[in-house]
Amino acid sequence: MADKERKALIAMSGGVDSSVAAFLMKEKGYSPIGVTMMLHEYDEVAAASPYSCCTPDDIEDARVVSSNLGIPFHAVNFMEGFNEKIIDKFIRTYLDGETPNPCIDCNKYMKFGKLFEMAEEEGCEKVVTGHYARVGSTFDESGKEIYFLKRGVDRTKDQTYVLYFLTQKQLRLLEFPDGDYEKTEIREIADKIGLAVASKHDSQDICFVPDGDYAGYIEKNGVAQMKEKMGDPLPEREGLFVDMEGHILGQHKGYFHYTIGQRKGLGISAATPLYVVNIIPETNQVILGKNEDLFTRNVKARNFSLIEWEDEEAVDLKEDIRRRVTAKVRYRAVDTPGEIVIHPDRTAEVTFDEPVRAVTPGQSLVIYDGEFCLGGGIIVRG
């Protein structure tokens with residue numbers, strides 16, 4: 001009797017990482033199915049950026065790679081869900097005086113939301129992406145298998161920060177084959193098997209704002225949300241730059257043009273460098289201060305989740321959870337040790353041993369125990 005076919009759904013971006021991930025799963029004996037998610041309208045702005053993702057060229061690259069590997073390929077339209085879950089939230093977050101991370105939201109709601117649904121429909125036992133992370137498991141005292149999320153071998157590419165929301169239910173099905181390799185090794189594999197994407201650059205821009213002009217995008221596409229937030233008719237966008245003591249320093253062009261820690265583009269002359277240290281949408285003020293004003297030891301977060309949880313939505317905490325951890329307040333931040341307290345309402349507070357710089361509301365606070373990612377949440381506005 002022939003062995004049962006083991007299917008794996010591969011999220012194909014058209015880049016080298018997901019392409020090699022598909023190849024590695026095929027080498028492991030799986031029958032990969034390549035899927036590219038069509039998430040947004042492609043326009044002339046995206047065409048101007050060589051570092052955007054999800055473009056027609058990327059879709060075609062994924063299709064060609066799938067053909068080269070001899071695996072089926074689907075391009076699936078998920079634009080409707082993307083607009084609601086990612087773009088609208090991106091705009092609302094900026095209008096709330098925070099700085100969003102839409103790539104994390106895309107991972108959570110699209111890649112590990114929609115793709116799981118599709119995997120079930122296709123009868124796949126694995127969902128695979130090209131992220132640099134690792135999934136493993138161990139057994140507890142009762143014999144139950146417990147899954148964990150571990151940093152990728154290539155620490156310079158480690159992407160556990162953008163995967164902190166994963167749960168036991170999801171990790172059972174997930175696999176990140178690239179996590180066991182250095183990035184250079186991934187490119188070498190792609191070159192060895194003759195994939196045209198072997199030397200393709202990595203995508204860096206937010207896919208729907210490839211020119212990097214976030215405020216311009218909000219001005220153009222967020223009129224409805226702006227009217228809801230600021231009133232209709234819209235008031236003047238311009239507001240005041242104010243120092244830490246409340247003195248007026250000048251006029252800004254709209255608070256959502258700025259983010260915590262920003263120094264460039266303020267248009268303010270001062271004897272010492274000034275940085276954005278707070279944003280107050282209610283008064284349309286941007287607070288400026290010195291570099292030392294950006295440091296704090298205490299960080300709060302909301303919507304906190306732990307990877308040890310079976311299902312994030314079903315969690316019912318009865319008491320505080322306290323742990324010694326290291327934590328990151330942004331993707332490229334250095335791990336800093338401290339103590340976290342997670343409350344039953346899923347808010348959390350970390351007290352760091354040493355001050356951390358430019359803590360930015362809307363970004364993620366992600367906690368670790370050595371090589372293991374434990375979970376995270378969204379930093380709140382102080």
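## Strands and the open sheet

Two strands are taken to pair if DSSP finds at least two bridges between them, and strands themselves are DSSP runs of type E with at least two residues, just as helices are runs of H or I with at least four, both numbered from the N terminus. The model described here is a predicted one, in which local features need pLDDT of at least 70 and side-chain atom pairs count only at pLDDT 80 or more, whereas totals for chains, interfaces and linings use all residues. Residues are numbered from 1 along each chain as its sequence is written, and side-chain values use heavy atoms, with hydrogens and water left out.

Five strands make up an open sheet with parallel pairing, and their order is β3-β2-β1-β4-β7. At its edges lie β3 (73-77) and β7, each of which pairs on one side only. Strand β4 (residues 126-128) is joined to β7 in the parallel sense by two bridges, and within this pairing Val128 stands opposite Glu175 of β7. Strand β1 (residues 7-11) runs parallel to β2, with five bridges between them, and here Ala11 is placed opposite Val35 of β2. Strand β2 (residues 31-38) is largely enclosed by the rest of the structure, because six of its eight residues are buried, where buried means under 20% relative accessible area, exposed means over 50%, and partly exposed lies in between (1.4 Å probe, protein chains only).

## Salt bridges between separate parts

A salt bridge is counted when a side-chain nitrogen of Lys or Arg lies within 4 Å of a carboxyl oxygen of Asp or Glu, and by this rule the model has 25 salt bridges. One of them brings together the side chains of Lys28 and Glu175, at 2.2 Å from N to O. Lys28 belongs to the loop between α1 (16-27) and β2, while Glu175 belongs to strand β7 (residues 174-175), so this pair ties together parts that are 147 residues apart in sequence. Lys28 is partly exposed, at 47% relative accessible area, whereas Glu175, at 13%, is buried.

Another salt bridge is formed by Arg151 and Asp335, whose closest N and O atoms are 2.7 Å apart. Because Arg151 lies in strand β6 (residues 145-151) and Asp335 in the loop between β13 (321-328) and β14 (336-342), the pair ties together parts that are 184 residues apart in sequence. Arg151 is buried, with a relative accessibility of 3%, and Asp335 is partly exposed, with a relative accessible area of 23%.

## Helix α7 and its charges

In a further salt bridge, the side chains of Arg187 and Asp202 meet at 3.4 Å, N to O. Arg187 is in helix α7 and Asp202 in the loop between α7 and α8 (214-221), 15 residues apart. Arg187 is partly exposed at 23% relative accessibility, and Asp202 is likewise partly exposed, with a relative accessible area of 23%. Through salt bridges that share partners, Asp17, Lys157, Lys183, Arg187 and Asp202 are joined into one network.

Helix α7 (residues 183-192) also holds Glu188, which is exposed, with a relative accessible area of 54%. On the surface, Glu188 gathers with Glu182, Glu185 and Asp191 in a patch of negative charge. Such patches are made of residues with over 30% relative accessible area and no salt bridge, like charges being joined within 9 Å; Asp and Glu count as negative, and the place of a charge is taken as CG of Asp or CD of Glu.

Methods. Patch = residues over 30% accessible without salt bridge, like charges linked within 9 Å, V, L, I, M, F, W, Y side chains within 5 Å. Areas by Shrake-Rupley, 256 points an atom, 1.4 Å probe, with all protein chains shown as cover.
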